[in-house]
Amino acid sequence: MAQGRWSIEQDDFQVQITGAKLVGADAPVWTDWKGSQVLAFKKNAINTIAFSVQLTHAYKEGSNVEFHIHLAYPTNGTGNSVWQMTHSWANINTAFPTATTPTAVTLAAPAVLDQHTVNQVATLTGTGKTISSVILCSLSRLGTNVADTYDDFIYLVAADFHIVRDTIGSISEYTK
């Protein structure tokens, strides 16, 4: 999907973060913030959550999906954080493959207190994937990575996949 372009053919497929499992001794912690609770990922640790999603029947089979995280920064500090998402994606009646670990992504802090940012962390190749397929995922802040220089907690407030929808009709005579 092209950056900066959005149409009725694309949609957010939201991950229910409240259902995520906290993984390991250095897992992020639930933190009270702005009248709700968010997951706080700390520096100097590998903080990991695990979750799964089932793709909707609106998913355009075979299309790639982008994984995004929505973050908030509870201080106006500067620096970078390093994030990585792993996944294993299987259609119905097929085996789950070995997890794929895309290259880690380095994100710059906005240096603005409580600013909401959205960041693409991975693009998943959808070749051969169908509706109702399931993606098993993990998301980690790699706070021990030397490139992770943001020295405070970062709040995960939401996560989503951008999918191409298989819509009724066409935009033009020969294009879906």
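This report covers the sheet, the nonpolar cores and the salt bridges of a predicted model.

In this predicted model, local features need pLDDT of at least 70 and side-chain atom pairs count only at pLDDT 80 or more, while totals for chains, interfaces and linings use all residues. Residues are numbered from 1 along each chain as its sequence is written, and side-chain values use heavy atoms, with hydrogens and water left out.

**Sheet.** Five strands form an open sheet in the order β2-β5-β10-β7-β8, with antiparallel pairing. Strands here are DSSP runs of E of at least two residues, numbered from the N terminus, and two strands pair if DSSP finds at least two bridges between them. Because β2 (21-23) and β8 (105-108) each have a single partner strand, one side of each edge strand has no neighbour in the sheet. Strands β5 (residues 46-54) and β10 (residues 134-142) are joined antiparallel over 9 bridges, and Gln54 stands opposite Val134 in β10. Strand β7 (residues 80-90) contains His87. His87 is buried at a relative accessible area of 8%; buried means under 20%, exposed over 50% and partly exposed in between (1.4 Å probe, protein chains only). Among the residues that His87 touches are Thr98, Pro102, Leu124 and Cys137, where contact means heavy atoms within 4.5 Å.

**Cores.** A nonpolar core is a set of buried Ala, Val, Leu, Ile, Met, Phe, Trp, Tyr and Cys residues joined through side-chain atoms within 4.5 Å. The largest has 34 residues, of which Phe67, Ile69 and Phe161 touch the most other members. Strand β11 (residues 154-164) gives the most to this core, with 5 residues. Another core, of 5 residues, lies apart from it and includes Trp33 and Val38.

**Salt bridges.** The structure holds 4 salt bridges, each a side-chain nitrogen of Lys or Arg within 4 Å of a carboxyl oxygen of Asp or Glu.

| Pair | N to O distance |
|---|---|
| Asp26 and Lys42 | 3.8 Å |
| Asp114 and Lys34 | 2.9 Å |
| Asp148 and Lys43 | 3.9 Å |

Asp26 lies in the loop between β2 and β3 (29-33) and Lys42 in the loop between β4 (36-41) and β5, so this pair ties together parts 16 residues apart in sequence. Asp26 is partly exposed at 35% relative accessibility, as is Lys42 at 28%. Asp114 is partly exposed at 26%, whereas Lys34 is exposed at 60%. Asp148 is buried at 1%, and Lys43 is buried at 16%. Salt bridges that share partners join Lys43, Arg141 and Asp148 into one network.

Technical notes:
Helix = DSSP H or I, 4+ residues; strand = E, 2+ residues; numbered from the N terminus. Lists of a residue's contacts leave out its neighbours within four places in sequence.
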